[in-house]
Amino acid sequence: MVRNALSEFLSENERKDIKEYIQILVAEDKQFFLRNDIIYYFRHYCDLHDKEQSYRENSRLFRFLKKVQELFIQGDLITLLHRYDIARYRYYRLRIDAEYMEEIDVREFLDAKDRYVLDRSENSRHLHLDFLPFYEFSPSIRDTRTIGHGIRFLNRYLCSNIFSNPDKWNRKLFEFIKLHRYNERQLLVNSHQIGDFSSFFQTLERSVKWLQRQDPETSYSEVETELLKRGLEVGWGNTVGRILETMQMLINLLNEPTDKEFETFISRVPMPLISKIAIISPHGWFGQTNVLGRPDTGGQVIYILDQVRALERHLKEEIRLTGLEVDPKIIVLTRLIPDAEGTTCGEKKEKIFQTDNGWILRIPFRDKDYNVVRQWISRFKIWPYLEDFAEDAATELSSEFSGRPDLIIGNYSDGNMVATMLSDRFDVIQCTIAHALEKTKYLFSDMYWFDKEDDYHFSLQFTADMLSMNKSDFIITSTHQEIIGTEDTMGQYESYQQFTMPGLFQVVSGINLMAPKFNVIPPGVEKSLYFPYHEEDRRSESQKKHWEERLFHLKADDIFGELTDTKKPPIFTMARFDKIKNITGLIEAFGLSETLQETFNLIFAAGTIHLEDSQDPEEREEIGKAYELIDRFGLYGKIRWLPSISKLETGEVYRIIADRQGVFVQPALFEAFGLTILEAMASGLPTFGPKFGGPLEIIEYGISGLLLNTSKPEFIAASLEEYAHQFGQDPDYWKNLSENGIRRVDEHFNWSMYSRRLINLTKLYGFWRYSVSAKGKTTLDRYCDLMHHFLFRERAEAMREGL
């Protein structure tokens, strides 16, 4: 007899409750309910039946329902997804009379979902995508709290293996050390002089004794000849003291391996030497001036430019400490746009400000006749161009680097797809950075993909995401939530574990969250641009005067609105003008609240005030909506709208808002991380961030900033009104938030730490790739290649033909 799963969760008394609760759902017009709906109707049920507070919060029924992510009604059956723990699920089928519930497997769940969407009886002949069997080569994380610390887990795993089978692993480590060269120059060990591990270990011990008799400050060049005689090449250090430390560290590691010793050793020697990095970001307007706020152009550009500067600084110092004389080179690969509209996006090559050897390299998109595409193209419509783009890029990068790069970093779905193709071509380490996965941003974008395909082409984007996630050597995220969400909400990567695109394919396992490839490394802020408002000696007086005039007084063709009372503290925001960034939601919240209008001015910088200047349909819609809201609520004299502001100027803009005891509000419906939040906090400006996504891990609520529910304008208004009350009552409230925000960024978000960890990851995953995963990963790669050819390429070609 099949067990009734209801008995696991509910008492006999609560079985009656769930029947009544289900009747409320059935009475609604819709049949599909997400977690927020499920909780809302439970509270409605409690209100109808005068349930006590303890029941609302602690009943077994509530504890069960709050873990249900979605449920849908089909005839006499309810199918539901129960996320009983982070990244762990069970699937159930419940009779509508609540008399019986049974557990089903993921394929039955996806079949039911397909039938619901397509509104017909579907056969079971689906294309099932399942990556999980191809991870047998990889150790698996058991504790979900360890997800996001992939390299820590791998180091412990490797050290455990070294300890249990030292001969095997010592030989592997020795062979890996011998592999490395730079421009035909052997590094670390001369394999002609030192042929086996035993000889190597003896050489190390004798060399350590000799080095201990030398002055630690002696440079490598002065002991080079002696070390070469012993078969030890350049790369151990730039001074005798550092060489001695490195060799002793390796001896300790070989004698008694620990994960900390292993990571420290691998990170300080050139295994490999990382000096040539390609960073891939095709979409948008990638430049340094006059681009921010244009369609598809925002935080990712800032992130990458700051990343390049920080990585170059780190690599210069790291390479110097090895004893090598090598200048690192970093190239950001993006798209060339001939119709550049006053930007530098039509220039093939552009030096990155404040770098010695950092460059933007632009490659054009080509149409089906191989003609250069001249205009900007939305990030949702670039998929047919990426294969040719990758081919052309491989040639250009080979020329620029005089060979292959040492590391390829992809950004966003398109950049990660190109990085995957280039990594295959060059056979080098690939790092994936999603920034934001659209699947969780656009509700039902998988279930109803066919309704959105003409505008968004999610079938291609989600396929590309799965390919790059699985083929990548390691994945960097800015927060844990990006991977596995919270106790109550699903993470961005987690959403790829299982889903269906009805009529196209069912994903039984799209990403293995338990594979140790995920690492949380938050970015920092550029301290030369974002520093506290009270550090007056660092501020430019002319820049300050210029922006005070533009923000509050200047009448200009590119600025909308005049402020009646410029002495009111400003609520300030800036972002791209798209639906997710939700600037119109903030305008509506401001319009709904008399308190906010009496207390503050609203100033925002986004896109353009001229509808005819925008080519992006979504931006045009938001511009029109902004004007409609301003008119509907009569916000003239209380609101000011500026075009997007150059990154080089934004730091002073934040500081000017802080001078007037204003606040920065990031009203996005969802924010994967929130660089503008960090920048505002670093500048001393009290900051509101959405409670959906990364800001939860940046802001300590009520201490270093505030969080708000951005799902409705009324909720935004309520949070800001509460702040206005506190602001008016407590003279120290604003100052405390400001100072704590500055401290928070200083202590936890800096580019120096980011760069060190990223380069360490590259080396450690390089050793992992060589020593363990190569054979198993080949099988995974072949599976991905089939998907690429039969799913991605064929659909991309069909899209190209339709252009």
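Leaving aside its neighbours within four places in sequence, which residues is Ile277 in contact with?

## Ile277 and the cores

Ile277 touches Leu311, Leu315, Lys329, Ile330, Ile331, Phe401, Leu407, Ile409 and Ile759, where contact means heavy atoms within 4.5 Å. This is a predicted model, so to speak: local features need pLDDT of at least 70, side-chain atom pairs count only at pLDDT 80 or more, and totals for chains, interfaces and linings use all residues. Numbering runs from 1 along each chain as its sequence is written, and side-chain values use heavy atoms, with hydrogens and water left out.

Ile277 is also among the residues that touch the most other members of the largest nonpolar core, which has 147 residues. A nonpolar core here is a set of buried (under 20% relative accessible area, 1.4 Å probe, protein chains only) Ala, Val, Leu, Ile, Met, Phe, Trp, Tyr and Cys residues joined through side-chain atoms within 4.5 Å. A second, separate core of 73 residues includes Phe401 and Met787.

## Helix H11

H11 covers residues 240–255 and spans 22 Å between its end C-alphas, close to the 22 Å expected (1.5 Å times one less than the number of residues). Helices are DSSP runs of H or I, at least four residues, numbered from the N terminus. Among the buried residues of H11 are Ile243, Met247 and Leu250; the cover over its buried residues includes H8, H9, H10 and H12.

## H27 against H28

H27 (713–729) and H28 (733–748) pack at about 110°, axes 7 Å apart. They are therefore roughly perpendicular (65 to 115 degrees). Tyr723, Gln726 and Phe727 of H27 meet Tyr733, Trp734 and Leu737 of H28.

Technical notes. Helix = DSSP H or I, 4+ residues; strand = E, 2+ residues; numbered from the N terminus. Buried < 20%, exposed > 50% of the residue type's maximum accessible area, 1.4 Å probe, protein only. Axes fitted to C-alpha atoms, helices over the stretch in contact; angles between N-to-C directions. Parallel < 35°, antiparallel > 145°, perpendicular 65-115°, else oblique.
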